[in-house]
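Subject: Structure handover

Hello,

Here is the structure you will be working with. Please open it first and keep it in view while you read the notes that follow.

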Amino acid sequence: MVRNIVVIGGNSHPQLTQTICGVLGIPPADVLLSKFAVGETRVEIQESVREKDVYIIQSGGGKVNDHLLELLITISACKTASARRVTAVLPLFPYSRQSDIPYDKAGAPLVKSSVRDRPSNGYTFESTPPTPGPGMKTEGLGLMNGMENLQKSLAKAQIEESNGSPVKRRPANGLPRSDTADSLKSLTNGVHEDSSSNVSNSSKINSFQPRPGYKQWVAQAGTLVADLLTCAGADHIITMDLHDPQYQGYFDIPVDNLYGRPLLKSYIQRNIPDYKQAVVVSPDAGGAKRATAIADSMGMEFALIHKERRPTKITDRQNATMMLVGDVRDRTAILIDDLADTSNTITRAAKLLKKEGASKVYALVTHGILSGDAIERINASALDKVVVTNSVDQSEHLRRCPKLEVLEVGHVFAEAIRRVHHGESISVLFQYD
Ligand SMILES: O=P(O)(O)OC[C@H]1O[C@H](OP(=O)(O)OP(=O)(O)O)[C@H](O)[C@@H]1O
């Protein structure tokens, strides 16, 4: 039994909390996790955590936003109740697929197709508009252009006023008082259009295009989530198989990223007949390192599927954008990935592998998120077996998916908690060879 330690389970995965507490030999702490009628999360810690080492178990998946907020409020409640240290245990780390803005193959930030499809003549990676500087020609550029247009409009208004013509004035909220089309016309005139143009108002609105080079920013939600956790008071994070291991660098508190690989490897050794003759397959380039680590350490062959998310032909959505590099003919193929969400990736990969002659296809995935109709997709797919860990609650998935097998991660997290609590090294839990 471990002393002076408190384990609090969030609503995301009560069974995992029970397993962890069972291994540690302590009961889960008494907490009240509920909601007000309006939907706001309510947390009450119903026992003392003063000077205690607190571990809060909350996984991603399911109602991920609710679970995240519940975790943040629980961390904050423990800190204000004088906990000595608060560790957030996130078997599946929420938002870790959104740790950075997406980049295209050329290394430029991804933009929406309306901008991406523009002719690239003269495109540079310089920001547009550039930062205004002394002596810089400002015509047609950002704020300076807006100022010039404003000055022109004011001058024009003064002339019209002195001629006795009616002049449109903006109300206090800054919008012109006339109808919407007129308002937008005058607004777009100030920034994007030549005011002398004769094009009709509605076509101007419909034909609005962002300025070339303008980047439609994608939120860096992963960074925000890292900041929210530390801001709420987390002193330490324990997680498993982060989608992007570099995400740890977004934190200024310790992050222990445990590996699910030992569990996957031991499943292969124990359950796949003649596994040395099987081929480990990564369903996309992003997971190649993960899959090769397993293949190399077990002396197995490796193949790679090149995955392109956008289908090129509407008539062949399933295979047109996937290509196998390697040979799986008459062999068992073992797909390795960090997570399955819609399960599109693994089911399409399985179809391709069977088409390429694989005799059997397994998918071994650390995080079985399996959202929406993922289970139906798996049931109807060429996959023979899908093996996931219970980093996300699998009880409902298990009921609906006869192909699913679940590996227990509770004891791995319990051991990590025990070691962190006693100040012992947990590097042994990172080893997977
Ligand atoms: O079940 P699905 O909905 O198909 O999602 C699963 C895929 O998504 C993730 O990769 P992602 O597509 O984010 O690309 P990356 O590996 O290049 O980051 C993950 O590594 C899987 O390959």
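The shell around the ligand holds two nonpolar, six polar and seven charged residues. Please keep in mind that this is a predicted model.

The ligand

In total, 15 residues surround the ligand, and the closest are Asp-337, Asp-338, Asp-341, Thr-342 and Thr-345. Two elements, β11 (332–340) and α10 (344–355), each give at least two residues to this shell. The biggest share comes from β11, which supplies four residues.

In the side chain of Thr-345, an N or O atom is 2.5 Å from an oxygen atom of the ligand. For Asp-338, a polar side-chain atom lies 2.6 Å from a ligand oxygen. An N or O atom in the side chain of Arg-97 is 2.9 Å from an oxygen atom of the ligand. Taken alone, the ligand exposes 500 Å², and the protein buries 80% of that.

Ser-343 sits in the loop between β11 and α10. Is Ser-343 buried or exposed? Ser-343 has a relative accessible area of 2%. That is under 20%, so Ser-343 counts as buried. Its side chain reaches the backbone oxygen of Ala-374 at 3.2 Å.

Aromatic rings

A pair of aromatic rings is described by the distance of the centres and the angle of the planes. A search of the whole structure gives four aromatic pairs. In one of them, the ring centres of Phe-93 and Tyr-247 are 5.2 Å apart and the planes stand at 85°, so this pair is edge-to-face. Phe-93 belongs to the loop between β5 (85–90) and α3 (113–116), while Tyr-247 belongs to the loop between β6 (236–240) and β7 (255–258), so the pair ties together parts that lie 154 residues apart in sequence. Phe-93 is buried, with a relative accessible area of 3%, and Tyr-247 is buried too, with 0%.

Tyr-247 also pairs with Tyr-250: the centres of these rings are 5.4 Å apart and the planes are at 55°, so the pair is tilted. Tyr-250 is partly exposed, with a relative accessible area of 28%. Through ring pairs, Phe-93, Tyr-247, Tyr-250 and Phe-251 are linked into a cluster.

In soluble globular proteins, nonpolar side chains tend to be buried together. The largest nonpolar core here has 41 residues, of which Leu-258, Ile-268, Ile-334, Leu-364 and Ile-417 touch the most other members. Which helix gives the most to this core? Helix α13 (residues 410–421) does, with six residues.

Ile-378 is found in helix α11 (residues 374–379). Ile-378 is buried, with a relative accessible area of 0%. How far apart in space are Ile-378 and Ala-155? The two are 67 Å apart, C-alpha to C-alpha, and 223 residues apart in sequence.

Regards

Notes: Residues numbered from 1 in each chain as written. Predicted model: local features only at pLDDT ≥ 70, side-chain atom pairs only at ≥ 80, totals over all residues. Heavy atoms only, no water. Near = heavy atom within 4 Å. Polar contact = N/O pair within 3.5 Å; in protein donor to acceptor, adjacent residues only side chain to side chain. Areas by Shrake-Rupley, 256 points an atom, 1.4 Å probe, with all protein chains shown as cover. Nonpolar A, V, L, I, M, F, W, Y, C, P; charged D, E, K, R; others polar. Phe/Tyr/Trp six-rings, centres within 6.5 Å; stacked < 30°, edge-to-face > 60°. Buried < 20%, exposed > 50% of the residue type's maximum accessible area, 1.4 Å probe, protein only. Core = buried A, V, L, I, M, F, W, Y, C linked by side-chain atoms within 4.5 Å.
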